[in-house]
Structures are given as structure tokens and as C-alpha cells.
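Open the model in a viewer and keep the sequence panel beside it. The stops below go element by element, with something to select at each.

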Amino acid sequence: MKKIIYYVAVFLIFIVAACSGDSPENRNININLTRSESEAVKAVNDFTFDLMKATEKRFSKKMPNYFMSPQSAAWCVAMVANGAEDGSQTQREMIDVLHLGADATLQDVNDYTSKLISSISSRKGEEKVNLANAVYYKSSIGIRPDYLKTMKTFYGAENFMDPKNGVMDSWVENMTGGAIKLFASKYHLDRNSFGVINTMSFTAKWLTSLERKTNKKFRNADGTISEVNMANACNYNCQLSHDEICHLLKLDFKGRGYAMYFIIPTDGHDIDDVSRHIDGESWRSLLSGLYPEKLGLVCFPILHATCDLDFKDVIQDMGVKKAFSNGNELTGIADTQIIMSAFDQTTVFKLDNLGVETSASTHFSGVSIAYFPETKEFLIDEPFYYFITEESTGAILFAGKISQL
């Protein structure tokens, strides 16, 4: 049987202790969502795969590997969408890009986000998860109090009036446990009139320990071979799934509230086939087919990298255009018109034999119109995707693609 490759959705997976003997503070906690809120999670997961495909289309030639938090990007879009006129084209484009239809509204995203942040904040244990949001603005734009209230109520967003880059640098660094430094300075956030920021950080240990192996071979997408360090385990209990195009591997973290997924091609297919195949529907189909299995070998590369992604053109490719133009309907944010001008994300990702540490910070920012400028094995030795999810809701919090090492 070909080594099984799982699309690793590295979005935050909330860790809940389900093992007997765990202390009460580590015990599993499910986030109970209404039907419409569950549809919102499904919609944002569909946005995840759209964002990944659009990002690869833009950057795959110069960026064979990437790491991202689609959830972080989606929340930034939702926070800005809350400032658009109801029923306007500006709001419609952002609702459509988030796949919010008749069964899932922007309000459902707000409600689900509020529950997610509250539940994560109340959890204790070995796994560390932190989510934070902020709104920053110049006093001259006349920020609307109702907008700030909505951001505080549903997103727990702090607000910064006339902040300097140093202030926002410190906030992002603190919210990501020191993983992301000089975020505001890198993207010159103090030049913007308005912006929203989301940060996410996640740290977890594997449920079952793995060893570190050196000088193992990884087959790159271009056909070359690289020697890399890998995490390795024999006789490993996990869950598997597959379809015609790809294999999926699920590995649990301690507490079992979070999990990591790896996806690799089946025999006769390659990572490009997986790229064309994987979407929200195929993802859900793979999850529904998971079954327990003991693998003779589980092996994946040890990674530690930082990724900067410019989503401005990507999100416009996906259909969000009017928010970046004069005459948009973002009238609920401030007294003066705000034109969105930048959408960036920085993600730090560490994957090794001990566990996972990953952090992301995203900003979606704009300017006032007055200032607007122009054997059974799971041997991952070839290109793969990854995802991290919150298990009780299925929300994908982090994701990425590795095709060149």
C-alpha cells in the first residue's frame, strides 16, 4: 500500500483531554453551535480552500511552500464586512467570498466567532491557544461607536486610536507569545487610516511521542531530492481516509480537542492533482471516511519557517473588489469614506517530533479617501498539504502546502 498522505489542515485544533485519568481542567469541551452557526463554519472552511487555490495561482512559481491561517483571514474579512451597508455590493462581495448564503449569514459568523473566542479563552491544559482581534484608526476619520461596539461584542476587539507602529508591534508580539515581531512596522500600519488585525497562536504536543531522525530523503515537486530531518514513529495508532486522488492522515494532540491532518497523493497522482481536487466537499468526504488504523511507520519533515502573504490581489481574484475602490459602501465604519488598500498575513510554523507551534497575524487595512494612494506507512517524503482544525466544530484554523525543501 502506498504511503498515505494526508492534507494537513494546520488550522487551530482545540485540544480537549478525553483520556481517562486526565484532570478536569484538561477534559474535553465541545463548542455547541446552532445549525446556522454550523453552516457558517462550513462556509468559512469552503473559503479556506478557495483562498489556498487563489494563493497558489498567484504565488506558486515563486513560493513552492506556504503557511497560512485562513480562519484569521476570514475573520478580518468579516470584521470589515460588518462596516458595509446592508444589501450593498461591497457587503455582498464579502459575504459571497465567505460562502455565506441563505443558510449562513454574517451574523452567524459573528455569533460563531464569539463562541469560539470565549470557549478557547476558558480552556486550560497543556495545549495553548490564543485568539485576539483589534481595530485601529486615526481620530480624524470619525470612527463610528456602533462599529467599535460590534467589534468588541462579537470579536472581543481592542481598539487603538492614533497608534504608533511600536504600540501595535508590541500588541501583536504579546498576543502571539513573541512569535511574530515588528508586524506593524513591516507593513507600515501607521500609514493607514483604519484597519482590523487578528492574531492566532497555537501550541500542542503529540498524543503519542515521535523520534527525531536525521538525513532522510524528501522528493521535491521539481523531481530533486533533499536530505531533511524527520519526525518518526513505529506502530502508531491514528486515523486514515482516502479517495481516488489522495490519502488523509489524522494525528491527535494531547487532550484530543485539536488534531492535525496530512494529505498526500495516491499512486499515479501528484500534488498538482491534489491541488485541483481538494475543496470543501472533498475535505468533508475524507473526514466522513476516517477509520482507526495502526501504522507500521509514520514519518514527516521537521519544519521551522516564516511566511509572509499579500492577500490584496488574491482576495480581489476571489471577487472582493469594490471594497478597494472609490464609492464603496463601507459607510458603517467611519464618518469619512474608507477605501481598503492592504491585506497581509504573517505566519510562523514549527513542526517537529514534539508537536506543533504556529502563530499568525493578519491585517485588513484602508485609508480615508482624502489620503488614498494608488507498508502501511505514512511516509511524507514528497509534497503535501497540512491543516489544523478545531475538532468540535470542524473549523480549519491553519493550513499550508510544502512542495520544496
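Helices (H or I, at least four residues) and strands (E, at least two) are DSSP runs, numbered from the N terminus. This is a predicted model, in which local features need pLDDT of at least 70, side-chain atom pairs count only at pLDDT 80 or more, and totals for chains, interfaces and linings use all residues. Residues are numbered from 1 along each chain as its sequence is written, and side-chain values use heavy atoms, with hydrogens and water left out.

**Stop 1: Gln345**

Select Gln345, which is found in strand E11 (residues 338-351). Gln345 has a relative accessible area of 0% and is buried; buried means under 20% relative accessible area, exposed over 50%, and partly exposed in between (1.4 Å probe, protein chains only). Show the polar contacts, defined as pairs of N or O atoms within 3.5 Å; within protein, one atom must be able to donate a hydrogen and the other to accept it, and residues adjacent in sequence count only if both atoms are side-chain atoms. The Gln345 side chain reaches the backbone nitrogen of Ser69 at 2.7 Å. A polar contact at 3.2 Å links the side chain of Gln345 to that of Thr347.

**Stop 2: the six-stranded sheet**

Now colour the sheet that contains E11. Its six strands form an open sheet with mixed pairing, in the order E3-E2-E4-E12-E11-E10; two strands pair if DSSP finds at least two bridges between them. Strand E3 (158-161) and strand E10 (303-310) stand at the edges with a single partner strand each, so one side of each is left without a neighbour in the sheet. From one strand to the next, the twist averages 15°. Axes are lines fitted to C-alpha atoms, for helices over the stretch in contact, and angles run from 0 to 180 degrees between N-to-C directions.

Strand E2 (residues 128-137) runs parallel to E3 and is joined to it by four bridges. Ala134 stands opposite Glu158 in E3.

Between E3 and H6, select Asp162 in the loop. Phi of Asp162 is near 50°, a positive value in a residue other than glycine. Asp162 is partly exposed, at a relative accessible area of 40%.

Move on to E4. Of the 12 residues of E4, 10 are buried, so E4 is largely enclosed by the rest of the structure. E2 and E4 run antiparallel and are joined by 10 bridges, and Leu131 has Met200 in E4 as its bridge partner. On the pairing with E12, E4 is again antiparallel, over 12 bridges; find Lys205 opposite Gly355 there.

**Stop 3**

Select strand E14 (residues 384-390). Is E14 largely enclosed or exposed? Seven of its seven residues are buried, so E14 is largely enclosed by the rest of the structure. In a regular strand the side chains alternate between the two faces of the sheet. Phe384, Tyr386, Ile388 and Glu390 point one way from E14, and Tyr385, Phe387 and Thr389 point the other way.

Strand E8 (residues 258-265) is antiparallel to E14, with six bridges joining them; Tyr261 stands opposite Phe387. Strand E15 (residues 395-402) is also antiparallel to E14, through seven bridges, and Tyr386 has Gly400 as its bridge partner in E15. E14 and E15 form a hairpin with four residues between them, and Gly394 in the turn has a positive phi of about 80°.

**Stop 4: Val109**

Select Val109 in helix H4 (residues 106-122). Val109 is buried, at 1% relative accessibility. Apart from neighbours within four places in sequence, Val109 is in contact with Ala40, Ala78, Leu100 and Tyr155. Val44 is 65 residues from Val109 in sequence, with 8.5 Å between their C-alpha atoms.

**Stop 5: Asn215**

End at Asn215 in strand E5 (residues 211-219). Asn215 is not a glycine, yet has a positive phi of about 55°. With a relative accessible area of 52%, Asn215 is exposed.

Key. Contact = heavy atoms within 4.5 Å.
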